[in-house]
Amino acid sequence: MSARAIRRRAKSVVMTGVVAGLALLAVLPLLFIFGDLIHKGATSIDWNFFVKSPVPAGDTGGGVANAIVGTGIIVGMACLIGLPIGIGAGLFLAEYGNGRLGWLVRFVADVMNGTPSIVIGIFAWTWLVRPVGHFSAMAGGAALAMLMIPMLSRTTEEMVRLVPNSLREAALALGYPRWRTSLAVVARTALAGIVTGALVAVARIAGETAPLLFTALGNLNFSTAVNHPMQTLSLQIYVYATGPFDEWHRLAWAAALVLMGFVLLVSLAARWATRSRYETR
Amino acid sequence: MKLDNSAARLESAPTPLTGAAVSNGPHPGSAPPPDGPAPLALEAASGHDNSLVRIETRRLTALFGRNVAIREVSLFVPANTVTAIIGPSGCGKSTFLRCLNRMHELSDGGWTTGAVLLDGEDIYGGGLDPVAVRSRIGMVFQRPTPFPTMSIYENVAAGLRVQNRLTRTNQDEVVEQALRQAALWDEVKDRLHTGATALSGGQQQRLCIARAVAPRPQVLLLDEPTASLDPAGTQRIEELCHELKRQFTIVIVTHNMQQAARVSDYTAFFYLGELIEIDRTTQLFTKPAKEQTEAYLTGRFG
């Protein structure tokens with residue numbers, strides 16, 4: 001082997017090593033986070049953790065059932081509002097959004113995508129909490145929906161644009177009306193991608209804290225009343241982690257682990273939905 | 001009787017019928033289109049058993065914004081024949097085809113002037129819904145376009161379902177019949193409910209033909225249907241043309257002159273957006289009336 005070939009090969013090995021190292025650095029935080037969460041939180045997770053509500057400060061035991069149920073309800077409400085609007089807007093942008101209205105919607109969605117979530121929280125507080133006079137889970141759900149809609153509309157738009165135009169034409173040539181082409185052929189073809197986008201959006205809002213501080217507020221008791229304050233995992237972590245009790249810190253770690261696990265699960269589901277993209281039925 | 005019928009129809013045409021196979025240039029006492037060539041004289045068609053005019057275009061002009069894609073094309077397409085459209089790339093073949101089922105207007109900036117008569121009725125006339133027009137005219141595209149989320153069966157039934165033509169019980173029969181007509185039935189009858197994208201390219205294209213014929217359209221438009229197929233697939237589609245013309249009127253755009261010669265009864269030659277010549281295929285290929293046609297056929301350009 002000539003000297004030049006050796007030099008080339010050495011260079012190649014070094015560069016491969018460098019990028020591999022950088023890739024490792026990129027995933028390292030996730031590994032550390034998970035390691036830390038499992039180390040500090042896993043021992044606190046037992047059956048009671050999932051089914052019991054918090055006990056008075058200072059006592060040991062109790063769980064975060066209120067926060068788990070609350071997260072479910074508030075994220076559920078956000079989905080109820082956000083999914084139809086966000087996906088509908090995305091479909092509109094992709095299929096009919098070439099005009100001025102499309103440009104405007106796209107621009108607003110981009111601005112909203114970049115809006116800090118705490119600003120959304122203040123906005124929701126101004127319009128949904130202050131006029132009513134008290135904090136409520138509904139306001140929290142609405143705030144999360146507002147975060148969700150622009151994300152969803154842009155991912156849906158991208159997924160729908162991936163559908164080849166030839167499919168649209170084939171449907172139209174077959175006598176499909178335009179709206180039916182959009183729904184029965186185009187949206188259906190893009191469905192896996194749209195579902196993935198929706199799951200990613202859910203994972204993203206499930207961990208949001210800032211918009212909920214002003215809206216759902218948090219609640220140390222078990223509550224399913226949507227017009228009253230409600231606890232979520234993220235709020236629970238915030239309160240417990242900043243509180244003075246060791247017992248609270250322990251529960252905060254465990255709650256963080258549960259939340260992280262949920263997000264991971266949803267992300268995996270999103271991956272799976274993408275993979276089965278071209279399977280029929 | 002049929003001849004009389006067609007003659008009556010022809011008299012209502014804007015251009016005169018002459019004894020000549022192709023009528024070029026002005027005719028005294030008539031008003032042929034000033035620029036475009038005269039339409040195929042119907043004498044040629046009247047020799048055919050079922051010589052109704054299915055489609056007639058009158059000075060059909062298609063534009064993209066301000067750019068003219070085809071200019072004042074007037075021709076007849078007799079029923080139950082195969083008419084091939086040939087010409088070099090960019091001559092407006094596909095655009096012409098897309099005007100026949102109002103697909104052209106769906107392209108960015110696409111619009112038309114002139115008229116397209118389907119069984120004597122202007123499909124661009126005010127009263128007609130483009131969606132209804134398209135359901136009377138089937139179309140197959142250059143690349144196979146099966147709906148990827150639907151099974152083979154659902155693909156074939158898609159047009160029927162959207163047009164609400166049939167009850168569920170009939171649907172099975174029509175799907176089978178359409179697949180048989182597209183010579184695909186034997187290959188897929190055991191896996192009707194599996195995904196359509198698992199089929200080979202040639203099978204997918206025949207599936208698209210089955211999908212197009214299932215709603216029983218009057219006309220079948222084929223836009224270079226064999227462009228993405230191998231020779232065996234191409235041959236099957238060409239054989240299908242001969243079968244299908246018994247029931248449908250076929251207009252096929254093709255790049256391939258040999259294909260036009262093999263499958264069609266009539267051939268129209270387009271060049272630079274204009275109809276240069278239309279005639280019986282045998283006539284056009286052996287004794288073209290226009291120099292440009294001859295030049296193209298002999299490979300001197302295009």
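## Strand pairing in chain B

Two strands count as paired when DSSP finds at least two bridges between them. By that rule, strand E9 (residues 266-271) of chain B and strand E10 (residues 274-280) of chain B pair in the antiparallel sense, over six bridges. The model discussed here is a predicted one. Within this pair, B:Phe270 stands opposite B:Leu275 in E10(B). The two strands form a hairpin with two residues between them.

On its parallel side, E9(B) pairs with strand E3 (residues 82-86) of chain B over four bridges. Here B:Ile86 has B:Phe269 of E9(B) as its bridge partner. In general, strands of a sheet pair through backbone hydrogen bonds, and the sense may be parallel or antiparallel.

## How E9(B) is enclosed

Is strand E9 of chain B enclosed by the rest of the structure or left open? Six of its six residues are buried, so E9(B) is largely enclosed by the rest of the structure. In a regular strand the side chains alternate between the two faces of the sheet. Both faces of E9(B) are covered: B:Tyr266, B:Ala268 and B:Phe270 are buried on one side, and B:Thr267, B:Phe269 and B:Tyr271 are buried on the other.

B:Leu272 is not a glycine, yet its phi is positive, about 50°. A residue needs 20 or more other C-beta atoms within 10 Å to be buried, and one with 12 or fewer is exposed. B:Leu272 has 14 C-beta neighbours inside 10 Å, so this residue counts as partly exposed.

Chain B has 12 helices and 10 strands. Four of its strands make an open sheet in the order E2-E1-E4-E5, with antiparallel pairing. Strand E2 (67-78) and strand E5 (121-122) stand at the edges with a single partner strand each, so one side of each has no neighbour in the sheet. Strand E4 (residues 110-118) of chain B pairs with E5(B) in the antiparallel sense over two bridges. The bridge partner of B:Leu117 in E5(B) is B:Asp122.

B:Arg102 is located in the loop between helix H3 (93-99) and E4 of chain B. Its phi is near 60°, a positive value in a residue other than glycine. B:Arg102 has 23 C-beta neighbours inside 10 Å and therefore counts as buried. Another loop, between E6 and H5 of chain B, contains B:Ser151. With 19 other C-beta atoms within 10 Å, B:Ser151 is partly exposed.

For chain B as a whole, 50% of the 302 residues count as buried. Among its contacts with a separation of 6 or more, 69% join residues 24 or more positions apart.

Helix H6 (residues 137-161) of chain A has 25 residues, which at 1.5 Å a residue should span 36 Å; its end C-alpha atoms are 35 Å apart, which agrees. H6(A) bends by about 30° at A:Met148, and a proline, A:Pro150, follows within four residues. Of the 25 residues of H6(A), 23 are buried, so this helix is largely enclosed by the rest of the structure.

In helix H7 (residues 165-173) of chain A, the buried residues include A:Leu167, A:Arg168 and A:Leu172. Helix H8 (178-189) of chain A is among the elements that cover the buried residues of H7(A), together with H4 and strand E6 (137-140) of chain B. After H7(A) comes A:Gly175, with a positive phi near 95°.

## Nonpolar cores and the contact between chains

Which residues touch the most other members of the largest nonpolar core? In this core of 135 residues, they are A:Met148, B:Ala210 and B:Val213. H6(A) gives the most to this core, with 15 residues. Not counting residues up to four places away in sequence, A:Met148 touches A:Ala78, A:Gly82, A:Gly86, A:Ala201 and A:Ile205. Another core lies apart from the largest one and has 15 residues, including A:Ile68 and A:Val258.

Between the chains, 23 residues of chain B are in contact with 16 residues of chain A. Helix H4 (130-136) and helix H5 (152-162) of chain B each supply at least two residues of the side that touches chain A. By class, that side of chain B has 10 nonpolar, 10 polar and three charged residues.

Methods: Residues are numbered from 1 along each chain as its sequence is written. Chains are lettered from A and ligands numbered from 1 in the order in which they are written. This is a predicted model: local features need pLDDT of at least 70, side-chain atom pairs count only at pLDDT 80 or more; totals for chains, interfaces and linings use all residues. Two residues are in contact if their C-beta atoms, placed from the backbone, lie within 7 Å. The expected span of a helix is 1.5 Å times one less than its number of residues. The bend at a residue is the angle between axes fitted to the seven residues ending there and the seven starting there. Ala, Val, Leu, Ile, Met, Phe, Trp, Tyr, Cys and Pro count as nonpolar, Asp, Glu, Lys and Arg as charged, and the others, Gly among them, as polar. A nonpolar core is a set of buried Ala, Val, Leu, Ile, Met, Phe, Trp, Tyr and Cys residues joined through C-beta atoms within 7 Å.
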